[in-house]
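Here is a quick walk through one protein chain, taken piece by piece. Have the viewer open and follow along.

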Amino acid sequence: MSKRVLIVDDAAFMRMMIKNILTEGGYEIVGEAENGIDAAKLYKELKPDLVMMDITMPEMDGIDAVKKIIEIDKDAKIVMCSAMGQQAMVLDAIQAGAKDFVVKPFKPDRVLEAVSRVLKS
């Protein structure tokens with residue numbers, strides 16, 4: 001059975017890019033959100049195996065969304081997506097409970113490697 005993933009990014013083209021990479025890698029995309037508020041709601045509803053989470057988003061950023069999702073499920077598996085130069089924010093996200101991160105622009109191999117590693121942990 002394929003693992004179920006929730007994609008969270010405020011940019012539709014980024015969600016599409018992640019979706020294509022993961023679908024080709026054999027993962028099922030169960031939902032998409034464009035901010036942290038929707039991400040937390042969808043996490044509760046869909047109970048995905050993994051969340052791909054952008055850091056900078058309107059309304060609620062990825063770090064606060066990670067904290068919210070960890071409150072819902074302390075074992076949540078979350079991979080952060082960050083642009084170059086967001087190292088400090090990535091550290092905050094990891095401390096908040098994210099398990100790994102990938103840097104934009106994405107290299108499909110790196111995305112699949114991070115997802116696979118986090119799902120095995």
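Is methionine 89 buried, exposed or partly exposed? Methionine 89 is partly exposed, since its relative accessible area is 25%; here buried means under 20% relative accessible area, exposed means over 50%, and partly exposed is what lies in between, using a 1.4 Å probe and protein chains only.

## Ground rules

This is a predicted model, where local features need pLDDT of at least 70 and side-chain atom pairs count only at pLDDT 80 or more, while totals for chains, interfaces and linings use all residues. Residues are numbered from 1 along each chain as its sequence is written, and side-chain values use heavy atoms, with hydrogens and water left out.

## Around methionine 89

Methionine 89 sits in helix 4, residues 87-96. Helices (H or I, at least four residues) and strands (E, at least two) are DSSP runs, numbered from the N terminus. Leaving aside residues up to four places away in sequence, methionine 89 touches Ile55, Thr56 and Ile63, a contact being heavy atoms within 4.5 Å. Valine 51 is 38 residues away from methionine 89 in sequence and 17 Å away in space, C-alpha to C-alpha.

Five of them form an open sheet in the order 2-1-3-4-5, with parallel pairing; two strands pair if DSSP finds at least two bridges between them. Strand 2 and strand 5 (100-103) stand at the edges with a single partner strand each, so one side of each has no neighbour in the sheet. From one strand to the next, the twist averages 20 degrees.

Strand 1 pairs with strand 2 in the parallel sense over five bridges, and valine 5 has isoleucine 29 in strand 2 as its bridge partner. Strand 4 and strand 5 are also parallel, over four bridges, with valine 79 opposite aspartate 100 in strand 5. As for cover, four of the five residues of strand 1 are buried.

Helix 1 takes in residues 12-24, 13 residues in total, and reaches 18 Å from its first C-alpha to its last, close to the 18 Å expected at 1.5 Å a residue. That expected span is 1.5 Å times one less than the number of residues. Its buried residues are Met14, Arg15, Ile18, Ile21 and Leu22. They cover an arc of only 130 degrees around the axis, so they lie on the same side of helix 1; the arc is that of the directions from the helix axis to the C-beta atoms. Phe13 and Glu24, on the other side of helix 1, are exposed.

What covers the buried residues of helix 1 includes strand 1 (4-8), strand 2 (28-33), strand 3 (50-54), strand 4 (78-82) and helix 5 (108-120). Helix 1 lies across strands 1, 2, 3 and 4, and runs at about 170 degrees to strand 2. Helix 5 packs on the sheet too, touching strand 3, strand 4 and strand 5, and its direction makes about 175 degrees with that of strand 5. Axes are lines fitted to C-alpha atoms, for helices over the stretch in contact, and angles run from 0 to 180 degrees between N-to-C directions. After helix 1 comes glycine 26, with a positive phi near 95 degrees.

## Aspartate 9

Aspartate 9 is in the loop between strand 1 and helix 1, and it counts as buried at 0% relative accessibility. A polar atom of the aspartate 9 side chain lies 2.9 Å from the backbone nitrogen of alanine 11. Not counting residues up to four places away in sequence, aspartate 9 touches Met14, Arg15, Ala33, Glu34, Asp54, Met57 and Lys104.

How values were computed
A polar contact is a pair of N or O atoms within 3.5 Å; within protein, one must be able to donate a hydrogen and the other to accept it, and residues adjacent in sequence count only if both atoms are side-chain atoms.
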